[in-house]
Amino acid sequence: MSTTYGYTGKVLRIDLGSGEVWTEDTFKYKDFIGGEGIGYKILWDEVPAGTHPFDPENKITFGAGPLCGTGVPCSGRTTIISLLPTSPHHGAGSSHMGGYFSVEMKYAGYDSIVLEGKSPKPVWIRIEDDKVTIEDARWIWGKGIFDTMAMISSQMGKEAQVAAIGPAGENQLNMSVIRTGTSHSAGGHGGVMGSKNVKAIGIRGTGSVKVADPKAVMELNTLMDQIIGANNQMVAPSHPAPWAEYYSPSSRWTGKPGLFWGAANPPVETGECYPEDVHSIGKRTQKAVFDLGLGAEKYTVRMGGCAHCPIRCHSQLKVPQLEKYGMDPYVSNTCMGYASPRGVMFKGIKEFDGNGEDSSIVGTAIGATLADDLGMWCNYGQIGRDVKWFYEKGVFKRVLPAEEYASIPWHLLEKGDPRFLIDFYNRVAHKQGEIAHIADGAAWIAKRWGLGDDYWDAKENKLWTRGGYPVHHSNESAGQVGALISCFSNRDAQNHTHQNFIGSQLPINIQKDVAAELFGSPDALDAPSKYTRMNEYKARFVKWSLIRGRLHDSLTLCNWMWPMHFSPLKSRNYRGDLSLEAKYMTAVTGEAISPEQLDRNAERIVTLLRALNVRSMATTDLRHAHDAVNKWIVTPDKDKEGKVIPQFTPGTIQMEQADMDLGLGMVYKQFGWDEKTGAPTKSTLLELGLGNVAADLEASGLIPA
Amino acid sequence: MNEAEARLSRIAAIIQEASEEKRLCPLSELAGRLNDNSQGFADTKALLAESAPEEIKVMRGKADDYYFMEALMTEAYAIHLFRLAERNLLRLIAETTRDESRIYPRPTLLAGFLQQPFLISQKDLNNAVDKMLGSRDYSDIKLVSASNGDKFLYSEKHLNPNHAQALAEWAAVGEKENP
Ligand code: SF4
């Protein structure tokens, strides 16, 4: 076989029903780049409309891209693609995990792994290079993810990487995760794995990923050293620093003199973290302090993260108080993994023994560990808002059987005792009682529990559309840009392309200058909470963000870092390099590709997802059926006296219906979709090389007139 | 090397040393370390004004001048140190607030003044803010609180009250709930 660069050249296919294992050529999917693109292509070609996510006919793809495993910075992500159980129309979606799984998969020789069918009994999949076996999983079924990983590693060796589900996935909770490493969770698809009776995939690869031009990759890495910032590509520190012209307390670049990984032995000072000093990049983001407050410094052992990432955004803690709760004191997590349990404990957290110091950290760590072990997903924090709403509005009291309601230790929630989390997460993950349906997801629970407009339209519930997913860098992130981005997926948008742009922590004028360079006008970007009406340039910003999001999830690069809009260096005029993805692709694969060509390939993936939605919703009218936002988003705020604050006045981030309608049309136009309905037109599908998609849709009467 | 050049080289080394230590170098310190008398003091100032290399920057205060090496310290950081050196707490807080309301724009987290490089004590900070909010010289500076109790200052010249309130709430609460 001839040498392939970047790609391993093989997709591993496993039919769990028949036990058949085979490989196919990756290059037949090359127009879809890799990772997410290949996953959507497989869903289109092979999973019929109307399939339930838990049906054996559904398929689940673990995808890596051509840059994964090559040493390109922040290229260790895995994109998992399947139908989404939380989606009311069971639309397609991706979930993402970091860690080292996809890199090991590439070293074993596979660009993607596709599972299909259903095993008649619990199994796990053992992959050692080209030796692939389906193993009995009865001895690990029912176990938490931590034990599962340890037990599989005891058989395969500590070098093996494991992706596993917990009881939540086994019990086919819609809101469950697939996890790898200590803290890398892909939310949304745990139940799909559970429905196939697959507990885990253990993988060991002893090969390598070939790179066409290693010298060019090294040179690009040197260029990256001048551009990479801290987590979320924030390029200004959180504090005034002698080397920095700008700073912002919101920055994740928290490393500074006097701030430590306090539980390391000996403690490690993060230090000044000069932007020219490549050796301190991993100390820039003291994420424990960012996520949990200054009190977390003393519990911080170190930062962890994904393969080939110098940033390390997962804090690894030792919280000895956890032993009082019968739990391991070592905890690792990041961002929403920590924020979510705090949301469930909406009355605050206070330790049961009255030792109030660091209660919030202790409670958060308990919740994060439980969710990670049981394999529960929070739907980007929605679970906490739902607990609050259902408790305070009497929904739980109304829908839970009286005996069940009485058995739940609400007094612990009231007191802020984190032992409530132990009870709550276990009930839900083990599907004990009616309360477990909270993990069906908002769209399903609204039907089951008869929740009305008040639930959907409450601002505090943050639900974006009737698709049942919440805000994730939506209208608070660049106004219509974030708001419109949130309309196009079947789950929280998970798009950091625009968020990293506005989150650079640089002054608004610099950001506007770069917006003008990219989108044709500084008006593409408004200052935070000072919004103007929709315009063409914002629509270009939306299109670009959606495209780069799909691109990164296909290459696979971390969209929590990429693209590189900005640099921390004044000598670069704070400019990053937005052609880096294409430059890396060229160097890695040996085939020259321009940023425009690469973006065009990613645009194909955006439109393919759009077509998948047309198919699963069985309508071309996505404007109304899919993209319509909940009322709270387009309802003006009121001031303390009850006076309406009109949209587009400083201080309010509320959107306006007519403006959103206009914005949707502008974005549809940018993509060449039908401006009235938002469905892909036949000509656009053909131009993108999606002729089979056009033909299928046409045959079903799903091409807009 | 003539005498003036030698002197300049020595001066540059002292300024560089201070910048490396993340502090400004006051003219008074230069004079002291060069054992200058009052004439020498004036000569040093003149020498720097005439022949200082490009990378040496100066900030002129009420009672002293302050030098720093641009390669080792940004002007933005030097301004913080300069305002601290001038020992006018109200002015330091107000000017920092005005800058941030104008440039980013954002309200300024009061607790930030407790941290490096400011290291203002809580008591001094409280007193300064109380005085500032009642002073005509600082009538544009306003206080705003987020729902978690975090306090921020902003300048009305650059941010209106609703805007400042929204930005403060987001920074203190919203951002943490939406990581
Ligand atoms: S920034 Fe964080 S999530 Fe992204 S690759 Fe690095 S460690 Fe992983």
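Biologist: What should I know about the model before we start?
Modeller: It is predicted, so local features need pLDDT of at least 70 and side-chain atom pairs count only at pLDDT 80 or more, while totals for chains, interfaces and linings use all residues. Residues are numbered from 1 along each chain as its sequence is written, chains are lettered from A and ligands numbered from 1 in the order in which they are written, and side-chain values use heavy atoms, with hydrogens and water left out.

Biologist: Where is Asp111(A)?
Modeller: In chain A, in the loop between α2 (101-108) and β6 (112-116). Helices (H or I, at least four residues) and strands (E, at least two) are DSSP runs, numbered from the N terminus.

Biologist: Buried or exposed?
Modeller: Asp111(A) is buried, and buried means under 20% relative accessible area (1.4 Å probe, protein chains only).

Biologist: What lies 2.8 Å from a polar atom of its side chain?
Modeller: The backbone nitrogen of Thr8(A) is at that distance from the Asp111(A) side chain. Beyond neighbours within four places in sequence, Asp111(A) is in contact with residues including Gly6(A), Lys10(A), Thr26(A) and Phe62(A). Contact means heavy atoms within 4.5 Å.

Biologist: Switching to Gly35(A), which helix is it in?
Modeller: Gly35(A) is in α1 (residues 35-46) of chain A. Gly35(A) is buried, with a relative accessible area of 0%.

Biologist: How far is Gly35(A) from Arg550(A)?
Modeller: Their C-alpha atoms are separated by 9.3 Å, although the two are 515 residues apart along the chain. Leaving out residues up to four places away in sequence, Gly35(A) touches, among others, Ile81(A), Asp553(A) and Thr556(A).

Biologist: Now the interface. How many residues of chain B are in contact with chain A?
Modeller: 29 residues of chain B, against 36 of chain A. About 2,500 Å² is buried between the chains, with carbon and sulfur atoms giving 55%; buried area is the accessible area (1.4 Å probe) that two parts lose on being put together, summed over both.

Biologist: How many salt bridges cross the interface?
Modeller: Two by the rule. Glu177(B) forms a salt bridge with Lys462(A), the closest N and O atoms being 3.5 Å apart.

Biologist: Which helix of chain B gives the most to that side?
Modeller: α7(B), with nine residues.

Methods: Buried < 20%, exposed > 50% of the residue type's maximum accessible area, 1.4 Å probe, protein only. Lys, Arg positive; Asp, Glu negative; His and termini not counted. Salt bridge = Lys/Arg side-chain N within 4 Å of Asp/Glu carboxyl O. Polar contact = N/O pair within 3.5 Å; in protein donor to acceptor, adjacent residues only side chain to side chain.
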